[in-house]
Each structure stands twice: as C-alpha cells, then as structure tokens.
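Here are my notebook entries from a walk through this model.

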Amino acid sequence: VDEIAPPAKQSYLLPGLHVDEIAPPAMAPPKQSYLDRARAASLLQARTRGRQARARGRKARGPRHSSWSDPLGQWNNGHAVWEWRRATGRRSSSSSDAVSSACFPSPIDLRPRPTPRNACAIALLGLPLLLLALVAFPWLVAAALLGYAYLRLPRLLGWAVSQAVTRFGLFGYPLTLGAIHLSPWLELRPARLRLRLYVEDFSLSNPPSLDCPHRHFVSAGALDFLLTIDLRWLRELLRTGRLQPVPVHFEQTRVQRVKLFFELYQGQLNINALTREIAEREVRAALASRARSCCRRQPAPALPNLLRLRIGAVRGLRRSGTKPFCFVRARGVALLTTIGTLVGGAEGSGGEWVFDAEMLLRVSDPSTVLHVCVYSSVGRDQLLGQWVLTLKYLVTQPDYCKHAPPL
C-alpha cells in the first residue's frame, strides 16, 4: 500500500474536534530483491549504451546548422535532443534502439570471474594445507582420492570407452557416452556370467562437414542391456587349446528418450553424409598405414576416385540354352557387357563363358555399393547370380573381396 485515500470531510460529535483529513502513515520503502537490482543494472547499461550510440552518431554526422541555439550546453541531454527532433518531425534510429533496449534489457553475467589475483590467493592458501595433509595424514588423502575415483568411475569409464571407440572404431568420428554402469554376477550351474550394462547420454554426431542445424544424428538418454555369457568355452579352451566362439545372449534391451534427426541440408541427407564420412575416414586410415614411414611424416593420402573393373568369365552354368551377360551398377551408373563366349565344352556342361571386359567407373564415395549381376538373355532376363560389395573394402580388406576358388 503506497497511499491511503483521505475520506470525505466529516465532523465527529465530539465538542471542539473537527477532522478534515487523515494523513497516510509513514512506511519504509520495500527492499529491492536480487532480480530487481539486476534488472535496474541492465536498464542502466542499456541507457548508457543508447547515449553512447547517439554520441557516436552525432560525431559521425558532424555539426548541424540550425537556428536553434544551445547557449547552456544542453545538446548532450537526451531529453533536449528528443524534444528538438520531435518538433522538427524527425526521429533517429539510435533513440528507437535505446527505447527498445530499455524495454527489453540484455542479460548480465553477475557471476564472479576468475582472475590471476584470485588464483594466486587460492594457490597460496591451498598448497600449504595440501602439503600438511600429505605429511600428517597420507592415508586420509589416499582414502579421499580413492573415494573420489570410485564415485567418478562411471563417468571416467564412459569417457575412456568414448575415446577408444571414436579413435579406433570410427576413425575419429565423434561418438559420446556419458556414464557406464556395470553390474556383473556369476552363476555356477550352469556356468555363465551375467552382466547388467547401463549407459547414460549416448549420442552419435551429425557429419561435421555438413554443419547440420542439430548437433546429433541420434541420441538416447539411457541404454539398458542385460547380457549372458556362456563360460563353457573356457573348458573347451583348457581341454583342447582351441579358442571357440564365445556365445553372448542379449536377454534384455531397453532404450529411453530416443531422438533421431533425418535432415536434408545443402541438398544432402545427413544419413548419407554420415556413412560417407565414416567410410572416407576408414579408407584414409588404411592408406596412411600403408604409406607410413619411420623416417619422415607422410602427407595425408588422396582418396581414390576411379574404379577399374575387369569381368573375366562365368563358371558352373549347367542349364542348357543359357546365354549369359553381366550387368554392373554403382550409385546410379549402370553398364552392360555383351554375351559371353563359351570355351571348353558344350552348353549345359559347366564350361566357362568368357567375357574379358573392362569397365571404368568414376566413383568418389567409398561407401558406394557395387552390384554385379549375371543374367540369361534367353527369354526374359533371368537372374543367374550376383555379387554385392561396398567399395571401401577394396582398400581396407582386399582379401575379403576375393572369390573362393579364384577365377
């Protein structure tokens, strides 16, 4: 209550006493809160910036020639400037900026900032205490460090796994794991190890080269897995000395708070850019490992952009009346060969159909899928066989690309 309105004039029945008005009681103004003080400081800074902007504008425009005089030096008064411009029918943009900044103040960071003086004070006070604790109570300091490491173990484990997967599994493509919680227990009959794996804040980034609006391609608040590992392979390893495949069963998989962003940015879908960038990083790592030298550092190798494909022959066609030809497709490019020539035997005897054709394809994306098909030209084109391969394996794992037995 700021003011109490006086009542209408009236006279009381007491003799000789007339009360015409009641004075409001004296009240102390309310204390300003922290937000009120911050708002007042922001308004003051906004007005100061407005006055500085108006002063810079007047300095850039130069002196005005007007019949209006300022003998008392009131030109720098914002009120006088506003009244004169309103009379002349003009209003500057700086005044409108000042009004808008006064209505919508900018936030102010009121947190204490670290300074060299504060850092020196903390070091001078903290180092003697730390040395005293190390000398007098070493076991207490060790227990405190071990307790802190135990409490921070899930975060440290998540950071270590994130760095390992990013560097060695994805060749530098960013993947983040916030914290990893492990809960193992052992069962004797049957002999198996059960593991509860709980991962927090999983995220796989969008391609850094694409600069998408969203930072992550896929993210999840929590991943919960229940694994069972059969330990009978240890008995076989001890008895025969041969390592058998380790059976791992996922009994439970639960994903919470999943966010998946498919974005078309700069004419390219982010999932395509993601697979391409991971494949490029893998190919670069394979080429760099081959060209690595102990004497000097080699420059980053260039990615291959031309595929030379040679089609030799087709074997094992035992159906009579078959006229085979090959069809090659790679990322929108399709090429055909002529009908092969039968060598060594009659049709249907399993002889070789020789093509001896060579094709050149311009391919700059190592994640491109190469699709080679063999069709029969008799009647409708009937698929006889096919071969599918991602081109990055031609560089990273050449042995994976060979046929068995070779042609």
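**Entry 1: a leucine on the surface**

I am working with a predicted model, so every value here is computed. I began at Leu130, which is partly exposed because its relative accessible area is 45%, between the 20% and 50% cut-offs. I placed Leu130 in helix H4, which covers residues 116-136.

**Entry 2: the chain as a whole**

Next I stepped back for an overview. I counted nine helices and 13 strands in the chain. Of the 407 residues, 25% are buried. The accessible surface comes to about 30000 Å², and carbon and sulfur atoms account for 60% of that surface. I also looked at contacts between residues at least 6 apart in sequence: 58% of these join residues at least 24 apart.

**Entry 3: helix H8**

I wanted to know how the span of helix H8 compares with what its 21 residues should give. Helix H8 runs over residues 270-290, and at 1.5 Å a residue it should span 30 Å. I found its end C-alpha atoms 30 Å apart, so the two values agree.

Then I listed buried residues of H8; among them are Asn270, Ala273, Leu274, Glu277 and Ile278. The list also has Glu280 and Glu282 in it, along with Val283, Ala286 and Leu287. What do the buried residues of H8 pack against? I noted strand E2 (192-205), strand E3 (216-230), strand E6 (268-269) and helix H9 (393-396).

**Entry 4: cysteines**

How many disulfides does the structure hold? My search gave zero. As a reminder to myself, a disulfide is a covalent bond between the sulfur atoms of two cysteines. I looked at two cysteines while I was there. Cys120 is partly exposed at 48% relative accessibility, whereas Cys212 is buried, with a relative accessible area of 11%.

**Entry 5: salt bridges around Glu187**

A search of the whole structure gave me 16 salt bridges. I followed Glu187 to see which partners it has. The side chains of Glu187 and Arg192 meet in a salt bridge, with N to O at 2.7 Å. Glu187 also forms a salt bridge with Arg194, where the closest N and O atoms are 3.6 Å apart.

Are these two arginines buried or partly exposed? Arg192 is partly exposed, with a relative accessible area of 25%. Arg194 counts as buried because its relative accessibility is 14%, and buried means under 20%. I also noted that Glu187, Arg192, Arg194 and Glu251 are linked in a network of salt bridges.

**Entry 6: from E1 into E2**

Between strand E1 (175-187) and strand E2 there is a loop, and Pro190 sits in that loop. I checked the peptide bond joining Arg189 and Pro190 and found it to be cis, with omega about -5 degrees.

Asp201 is not a glycine, yet its phi is positive, about 55 degrees. Asp201 counts as partly exposed at 40% relative accessibility.

Ser203 lies in strand E2 too. Ser203 is buried, with a relative accessible area of 7%. Which residues is Ser203 in contact with, leaving aside neighbours within four places in sequence? I wrote down Leu175, Thr176, His216, Val218 and Ser219.

**Entry 7: strand E11**

My last stop was strand E11, residues 352-362, where I found Ala357. Ala357 is buried because its relative accessible area is 18%, under the 20% cut-off. Not counting residues up to four places away in sequence, Ala357 touches Leu309, Arg310, Ile311 and Thr337. I also took the C-alpha separation of Ala357 and Thr338: 8.7 Å, for residues 19 apart along the chain.

Asp356 is in strand E11 as well. Asp356 has a positive phi of about 50 degrees although it is not a glycine.

Finally I looked at Glu358, whose side chain meets that of Arg308 in a salt bridge at 3.1 Å, N to O. This pair links distant parts of the chain: Glu358 is in strand E11 and Arg308 in strand E7 (residues 306-314), 50 residues apart. Arg308 is exposed, with a relative accessible area of 56%.

Technical notes: Residues are numbered from 1 along each chain as its sequence is written. This is a predicted model: local features need pLDDT of at least 70, side-chain atom pairs count only at pLDDT 80 or more; totals for chains, interfaces and linings use all residues. Side-chain values use heavy atoms; hydrogens and water are left out. Helices (H or I, at least four residues) and strands (E, at least two) are DSSP runs, numbered from the N terminus. Buried means under 20% relative accessible area, exposed over 50%, partly exposed in between (1.4 Å probe, protein chains only). The expected span of a helix is 1.5 Å times one less than its number of residues. Contact means heavy atoms within 4.5 Å. Accessible areas come from the Shrake-Rupley method with a 1.4 Å probe; for residues, only the protein chains shown count as cover. A disulfide is a pair of cysteine sulfur atoms within 2.5 Å. A salt bridge is a side-chain nitrogen of Lys or Arg within 4 Å of a carboxyl oxygen of Asp or Glu.
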